[in-house]
Amino acid sequence: MLTLQFIPYHDLEDLNSNQKVSKLLKSVRENKIVLVEGKLDAGEEALLIQRTMEEINRSFKGVEICSLDYYHQEDWVKNVRRGLAKMLLGNRAGFTVIGPASLVREIRKDPNKIELLTGNMKRKRK
Amino acid sequence: MVSFFDFINRLFFNVFKGRKHIRLGIYGPVNAGKSSIANRICLDWIGEEMSEVSRIPHETREIKVKEQVEIEKSGKKLSFHLVDTPGIATKVDYEDFLRFGLSNKEAKKRAKEATKGVIEAIKWLENVDCVLVVLDATKNPYDQVNITIIGNLAARNIPVLIVANKTDLRQANIKRVKAAFPQYNVVGVSALKGHNMEDFYHELFEVVR
């Protein structure tokens, strides 16, 4: 069974980067695929990778992560409008998917779609 | 986010260093050919390699620095310390190494060192002045690791040259890499065969300028 957990933007907006990453990793380590409203910034993504590496062990192999956004706008009016919305409401455009690597084998991303390749839980080895 | 202090520090560092001791970082995902690029540059200009390469992922698990590499093109000189970094990944599974014939013990050791290497590579983002982001031109460029690396460099205002490596392979698709990162200079090379290195050095001078 796959569990998909939605985390709305307002659940993360008051958290600092460390708290945000801890919250996301906690859910991923419970074998949930997390769907986050909005995107992590580049620094938070790097922090997520660092924290993931620190936590890797026999049962936790890491994460698969992918975010989608519509940042390649040609229309500058739309970009300005989006910039203002971001300033007033926070960066809630797009979404981010994070899943445990033992559950999500690969996330393939094209500019406008993502595909999650899931697999059986890793076979057990001695 | 770059702090005001970092910004001022970088500004003054760039003005006064006279471009004599640039730290040129080589970043990218695992097995993209970062060490092959480092070796090709070193072979071309100092006649010796700097890193081991292997088809087993995470061969480079520590930061390696080659000091005072000097390249010359059209009468212009560029001197830098070349920093070869471990590949950045979001997952490390020791069982993946078993497929390459490593023993259980060796695989676990390699996995542990690999996780430390990824952390070290991310920390070193603070210490580089210009970066070659090496991507495997046969793979999907939209991978989140690539986006995270480039996003972090952009946030620090560090100049970037994207190197689409492995162009000698039939599946290589440089157009796709260019389409994924339209705001960056992209050059296709085969570090292994030494293809298109002239263009690479030209682009390097452009980016460091």
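Please note that the model on display is a predicted one. Is S51(B) buried or exposed? Its relative accessibility is 6%, so S51(B) counts as buried, the cut-off for that class being under 20%. Next, display the side chain of D84(B): a polar contact of 2.7 Å joins it to the side chain of S51(B). Leaving aside residues up to four places away in sequence, S51(B) touches D84(B) together with S35(B), N39(B) and K64(B).

Proceed to the place where the two chains meet through helices. Select helix α3 (residues 42–55) of chain A and helix α4 (residues 104–123) of chain B; their axes are 8 Å apart and form an angle of about 155°. The two helices, α3(A) and α4(B), are therefore roughly antiparallel to each other, as angles over 145 degrees are classed in this way. The crossing of α3(A) past α4(B) is left-handed. To view the contact itself, show A46(A), I49(A), Q50(A), M53(A) and E54(A) on α3(A), which meet T115(B), V118(B), I119(B), I122(B) and K123(B) on α4(B). Sorted by class, this contact has 6 nonpolar, 2 polar and 2 charged residues.

Finally, select V34(A), in strand β2 (residues 32–37) of chain A. With a relative accessible area of 1%, V34(A) is buried. Beyond residues up to four places away in sequence, V34(A) touches Q5(A), I7(A), L24(A), S27(A), V28(A), T96(A), V97(A) and I98(A). From V34(A), a distance drawn to E44(A), 10 residues apart in sequence, spans 16 Å from C-alpha to C-alpha.

Technical notes:
Residues numbered from 1 in each chain as written. Chains lettered and ligands numbered in written order. Predicted model: local features only at pLDDT ≥ 70, side-chain atom pairs only at ≥ 80, totals over all residues. Heavy atoms only, no water. Buried < 20%, exposed > 50% of the residue type's maximum accessible area, 1.4 Å probe, protein only. Polar contact = N/O pair within 3.5 Å; in protein donor to acceptor, adjacent residues only side chain to side chain. Contact = heavy atoms within 4.5 Å. Axes fitted to C-alpha atoms, helices over the stretch in contact; angles between N-to-C directions. Helix = DSSP H or I, 4+ residues; strand = E, 2+ residues; numbered from the N terminus. Parallel < 35°, antiparallel > 145°, perpendicular 65-115°, else oblique. Left-handed = near helix turned anticlockwise from the far one by under 90°. Nonpolar A, V, L, I, M, F, W, Y, C, P; charged D, E, K, R; others polar.
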